[in-house]
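Trainee: I have a structure open and would like to learn how to read it. Could you walk me through a few features?

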Amino acid sequence: MAAVGTEGEYESVLCVKPEVSVFRIPPRASNRGYRASDWKLDQPDWTGRLRVTSKGKTAYIKLEDKVSGELFAQAPIDQYPGIAVETVTDSSRYFVLRIQDGNGRNAFIGIGFGDRGDAFDFNVALQDHFKWVKQETEISKESQEPDSRPKLDLGFKEGQTIKLNIGNMPTKKSGTTKPRPAGSGGPSLLPPPPGGKTALPTVLPPPVTSISNHVTPPPVQKSSNAGNADILLDLDLAPPAPSVPVPAAVPATTDLWGDFSAASSVPSQSPQPSSWVQF
């Protein structure tokens, strides 16, 4: 809420408290400050409404009648904390005001709030106002004082150019962009979920080289009814057991070399072609 003053300045309302008590206080006995316990707290001299306003940089504490709004006393505040408003040493709900009349006379009175929250709001309203006054004063000083700091010129001089190197951009020499490394942001295959079944690659067994031995037994004398045949011993494939003919009895002789001479007389069989490797 604001009202226009006689000099064209707005008067703003900072705080309103519906009930405040006013006390006559004795003179200060020492420099230690005022004590609310020295006042007659159970017998206030006046009770009314308190209103805190501001006009420009000056704040005003106005004590007014609750019903009619008639002004009882007024205290102009130029700074806070200061001599115009002082706190007592033994309570946070009581203050000492320096009031002034229209003729310039001053008097000190004590005021008190029944609630600590009202006293807190009264204190904060004055602090916020003079904090704003301090900021406005600093801003006005900075605007009036010339800036003595050297100014930084970031502009381009005549004929000055700059060169920007941006990656993956075509240049005049190559005309192509550099290939991006794999996995640097391009699409990639995601691994299968943990519960999924994956087809494992089929591992073929190493080739096994069949080793077969082709053994040619020495010629055995057989009967005249059975022909001479080669006997192939295949180690890999087991053929069915053939019927073995019983060799004819050789007459006993006293010549020990007769068997070897008879063996040499047997005509040698011509080798038959075979796919087996002979060892």
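This is a predicted model: local features need pLDDT of at least 70, side-chain atom pairs count only at pLDDT 80 or more; totals for chains, interfaces and linings use all residues.

Trainee: Which residues touch the most other members of the largest nonpolar core?

Mentor: A core here is a set of buried nonpolar residues joined through their side chains. In this model the largest one has 26 residues, and Leu50, Ile61, Leu63, Ile77, Val85, Ile111 and Phe122 touch the most other members. Several elements, among them β3 (46–55), β4 and α1, each supply at least two residues of this core. The helix α1 gives the most, with five residues. There is also a second, separate core of eight residues, including Trp39 and Tyr94. Ile111 touches both Trp39 and Tyr94, as well as Leu50, Leu63 and Phe122.

Trainee: Is Lys62 buried or exposed?

Mentor: Compare its relative accessible area with the cut-off: under 20% means buried. Lys62 has 12%, so it is buried. It is found in strand β4 (residues 58–64).

Trainee: With which side chain does the side chain of Lys62 make a polar contact?

Mentor: Look for paired N or O atoms. The side chain of Lys62 meets that of Glu11 at 2.8 Å. Lys62 also touches Arg49, Arg51 and Gln74, among others.

Trainee: Which residues form a nonpolar patch on the surface?

Mentor: Phe156, Ile162, Leu164 and Ile166 do, with about 500 Å² of accessible area together. Phe156 sits in the loop between α1 (116–144) and α2 (258–265). Its relative accessible area is 57%, so Phe156 counts as exposed.

Terms used:
Residues are numbered from 1 along each chain as its sequence is written. Side-chain values use heavy atoms; hydrogens and water are left out. Patches are made of residues with over 30% relative accessible area and no salt bridge: like charges are joined within 9 Å, nonpolar side chains (Val, Leu, Ile, Met, Phe, Trp, Tyr) within 5 Å. Accessible areas come from the Shrake-Rupley method with a 1.4 Å probe; for residues, only the protein chains shown count as cover. A salt bridge is a side-chain nitrogen of Lys or Arg within 4 Å of a carboxyl oxygen of Asp or Glu. Helices (H or I, at least four residues) and strands (E, at least two) are DSSP runs, numbered from the N terminus. Buried means under 20% relative accessible area, exposed over 50%, partly exposed in between (1.4 Å probe, protein chains only). A polar contact is a pair of N or O atoms within 3.5 Å; within protein, one must be able to donate a hydrogen and the other to accept it, and residues adjacent in sequence count only if both atoms are side-chain atoms. Contact means heavy atoms within 4.5 Å. A nonpolar core is a set of buried Ala, Val, Leu, Ile, Met, Phe, Trp, Tyr and Cys residues joined through side-chain atoms within 4.5 Å. Lists of a residue's contacts leave out its neighbours within four places in sequence.
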